Amino acid sequence: MTANTADASGAGEPPDYRLERSDVVAALSSFVPTTVPARAKRAASVALAIGGTPGHRRLLLTKRPSRLRAHPGQFALPGGSVDPGESSVEACLRELHEELGLRADQDAVLGRLDDYETRSGYVITPFVVWVGDRLAELKPSPDEVAIVYEVGVSEIDIDPRFVTIEQSERPVIQWPFRESLVHAPTGAVVHQFREVVLRGRHTRVADFEQPVFAWR
């Protein structure tokens with residue numbers, strides 16, 4: 001069994017160079033990320049992995065298999081818990097390799113975004129990782145990944161939706177992606193990436209809520 005790849009090839013789209021390495025580095029260099037102490041929560045990290053051809057770079061997004069016990073069938077960025085003795089960035093790069101078969105060293109880490117504290121007991125640190133023209137090397141693990149989406153710039157650069165729920169005073173963020181809505185934490189992290197890297201706006205996302213189904 002192998003995971004599927006859903007490619008946004010960019011055929012017919014004009015080139016958009018806002019995800020070139022130098023532009024991403026420049027955008028992140030002026031951003032000061034917020035760190036949240038883990039306290040009683042578990043530390044985790046995720047990769048916003050960027051690759052593809054010049055002018056048509058892609059963000060790698062996954063969907064989890066429906067048979068998984070934790071967050072089945074949900075959209076996710078490659079990532080997971082930080083193991084004992086690991087740093088957050090080491091965990092991010094390890095998970096990127098385990099889930100998608102892509103090896104990257106710490107020189108490929110272009111910067112990071114704000115920590116996001118989840119309702120399910122984690123503090124997630126997002127790192128932006130450059131994988132360049134190596135998307136052909138993708139080898140998703142069928143144990144952890146059902147589908148890999150190659151998300152184009154125009155799909156990232158979309159205004160989010162916000163809804164209210166009875167269980168929280170905070171607005172629930174929804175990132176419209178193709179025929180779906182991606183919620184926090186993934187939707188919040190991608191939205192902040194959009195704001196900081198594509199729009200040059202240092203928007204914070206810690207106060208954006210998750211839907212109740214993601215609280216467990």
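**Ground rules.** The model is predicted, so I kept local features to pLDDT of at least 70 and side-chain atom pairs to pLDDT 80 or more, while totals for chains, interfaces and linings use all residues. I number residues from 1 along each chain as its sequence is written, and side-chain values use heavy atoms, with hydrogens and water left out.

**Entry 1: the whole chain.** I counted four helices and 12 strands (DSSP runs numbered from the N terminus, helices being H or I of at least four residues and strands E of at least two). The radius of gyration is 16 Å, close to the 17 Å of the globule rule for 216 residues, so the chain is as compact as a globular protein of that length (taken over C-alpha atoms; the rule is 2.2 Å times the number of residues to the power 0.38). Along the principal axes, the C-alpha atoms fill a box of roughly 45 × 35 × 35 Å.

I then looked up burial: 50% of the 216 residues count as buried (under 20% relative accessible area; exposed is over 50%, partly exposed in between, with a 1.4 Å probe and protein chains only). Among contacts between residues at least 6 apart in sequence, 71% join residues at least 24 apart (contact means heavy atoms within 4.5 Å).

**Entry 2: Glu20.** I found Glu20 in the loop between β1 (4-7) and α1 (21-29). Glu20 counts as buried because its relative accessibility is 13%. Which side chain does the side chain of Glu20 make a polar contact with? The partner is Arg57, at 2.9 Å (a pair of N or O atoms within 3.5 Å; within protein, one must be able to donate a hydrogen and the other to accept it, and residues adjacent in sequence count only if both atoms are side-chain atoms). Setting aside neighbours within four places in sequence, I listed Thr53, Pro54, Gly55, Arg57 and Trp130 as contacts of Glu20.

Entry 3: A reminder to myself: most residues other than glycine have a negative phi, and most peptide bonds are trans. Arg178 is not a glycine, yet I read a positive phi of about 50 degrees there. Arg178 sits in the loop between β11 (168-177) and β12, and its relative accessible area of 37% makes Arg178 partly exposed.

Next I checked the peptide bond from Ala184 to Pro185, which is cis, with omega near 10 degrees. Pro185 belongs to the loop between β12 (180-183) and α4 (186-198).
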